[in-house]
Amino acid sequence: MTSIKEQAAISRLLSFLQEWDNAGKVARNHILNNFIQTNQGKTSPELEQEFSQGASLFLVRLITCLRITYMTGSCLEKLLKSIGIFLSAVGSNRYLIEFLEVGGVLTLLEILGLEKIKEEDKKESIKLLQLIANSGRKYKELICESYGVRSIAEFLAISKSEETQEEVQVLLDSLVHGNPKYQNQVYKGLIALLPCASPKAQQLSLQTLKTAQSIIGTTHPSIVDCVLKVLGTMHLEVQYEAIELIKDLVNYDVRQSLLRGLVALLIPSVKEMSKLQPKILTDSPILQLTTHLPVFLQQAAAAKTIGVLARRDLSTAEEMLHMRVVHSLMAAMGNTDHSNSQRLASLTLEVSPRRWGLRGGGAGASGHGHGHAAPPTRRLQFFVQTFPVVEEHVRKSMGEELYQLFLIHGEDLYMKIDSIQADILTANEVNVAKVLELYGVANSSSSVVLDPGDLNQMTYITHFVEAKAQKDEEAESKE
């Protein structure tokens, strides 16, 4: 037999449940407020004690109310918070199963796609999905099997609240960890987000992709084009995350296509530029600049990224030399329509003996400059030091006057050159790759990376090239 105390507790529970059943919208809103304030952070046993071992009876009512009213948005945020108290309670596995058995996941995902629902309500839905995902692998799989990745990714792309978008990122990050069956699905969903119009969504997707890439270990072919297109953004925080991801991607099987894509961006394609030509006759200069801007932003970002990659790894710099990166950088330096492209391309190409320690430049000969060793991370510049023939080709192509300006003014060169000098840069025909291949310097994709100790060998090659050129000139003069 139950004690008088237990009977009183059961009576209070039945009275509370009857009050909920008979309450209207305002009264239920009041009940939910009181429940949230008094039960936040309680464990499962504490909730059972609060409801006289009948907490599930109230949870069932909350779930039923949610399923009936979620399309109207009535008390939705408080309903979701109240259900969250049950699902987040320590030892709440029983509550979680009860929620899932009646289609709780599908309801939460549907909420994300409803236009009339407020952003705050959708944020609470995301938080509940986080709780479910964090409960274990089988629950992550349940979300993915319910087409959850697509719904979540689409919501991230259209959300107007950065705080909510950050909550979505936490959920996607959870779904990519400890979910081997569907981690590729999450990975592809993140790639699909990259072309979206929301800079915050792009930034968060790139951050999560960096994590996902290390977990999955293989790449999807579409990631190269998607990441390269993101470089056309005006938002530096997005560009930064794209470059960080590219730094990782060069270690995977997309390395060659990624590097070639970066070099190609330095010279916008004829197709990209020609489709904008008809506008030039009618549009204002400001509109023209706006139309061309994404292409030029990509060009500038590509120059910056190439510099970052080359400084990190000699083999990467060597591979790009075989892709005619010097020619492309010089062409970008001649783009008078976008000074940032000129500046970043110049910085990446710069071969100043004073700055990078080239042979014959004093500091470079001894390996010191202003009391410090030449920066070991300046990989592209170090490669120029290793192959002085590159410097020779740049000098010949520019002409002595422009080359001296380049040495002296590096970063500010774009402010010093005139239109003729810009045309010289744009129309350059430098082909270092041809020279390297002609004299047996293999592409790094099939060769051993050179150590600084191999400089003598490279000096010999350069000397051989220069000696042959001198011999040819003498032969011509005799004729």
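Predicted model: local features only at pLDDT ≥ 70, side-chain atom pairs only at ≥ 80, totals over all residues.
## Overall make-up

The protein contains 31 helices and two strands. Of its 479 residues, 50% are buried. When contacts between residues at least 6 apart in sequence are considered, 73% of them join residues at least 24 apart.

## Helix α2

Helix α2 covers residues 25-39, and its 15 residues should span 21 Å at 1.5 Å a residue; the C-alpha atoms at its ends are 21 Å apart, so the two values agree. Its buried residues are I31, L32, F35, I36 and N39. Viewed down the helix axis, the buried residues of α2 fall within an arc of 130°, and therefore line one face of the helix. An α-helix has 3.6 residues a turn, so residues three or four places apart point the same way.

After α2 comes G41, which has a positive phi, near 85°.

## Helices α4 and α5

The axes of α4 and α5 come within 10 Å and cross at roughly 145°, and the crossing is left-handed.

On the α4 side, the residues that meet α5 are A55, F58, L59, L62, I63, C65, L66 and T69. Their partners in α5 are L76, L79, L80, S82, I83 and F86.

## S159 in the loop between α10 and α11

S159 lies in the loop that joins α10 (148-158) to α11 (162-176). Its relative accessibility is 5%, so S159 counts as buried; the cut-off for buried is under 20%.

The side chain of S159 forms a polar contact with the side chain of E119, at 2.2 Å. Not counting residues up to four places away in sequence, S159 touches E119, T164 and Q165.

V263 is located in helix α16, which runs over residues 255-265. V263 has a relative accessibility of 6% and therefore counts as buried. Leaving aside neighbours within four places in sequence, V263 contacts I306, M320, M323, R324, V325 and S328. V263 and A303 are 40 residues apart in sequence, while their C-alpha atoms are 8.0 Å apart in space.

Two of the residues in contact with V263, namely V325 and S328, are among the buried residues of α21. Helix α21 covers residues 325-333 and is mostly covered, with nine of its nine residues buried. These are V325, V326, H327, S328, L329, M330, A331, A332 and M333.

## Q342 in helix α22

Q342 sits in helix α22 (residues 339-349). With a relative accessible area of 5%, Q342 is buried. The Q342 side chain reaches the backbone oxygen of M333 at 2.9 Å, and M333 is one of the buried residues in α21.

Apart from neighbours within four places in sequence, Q342 is in contact with A332, M333, G334, N335, T336, Y414 and I417. Among them, A332 and M333 are buried residues of α21.

Technical notes:
Residues numbered from 1 in each chain as written. Heavy atoms only, no water. Helix = DSSP H or I, 4+ residues; strand = E, 2+ residues; numbered from the N terminus. Buried < 20%, exposed > 50% of the residue type's maximum accessible area, 1.4 Å probe, protein only. Polar contact = N/O pair within 3.5 Å; in protein donor to acceptor, adjacent residues only side chain to side chain. Contact = heavy atoms within 4.5 Å. Expected span 1.5 Å × (residues − 1). Arc of directions from axis to C-beta. Axes fitted to C-alpha atoms, helices over the stretch in contact; angles between N-to-C directions. Left-handed = near helix turned anticlockwise from the far one by under 90°.
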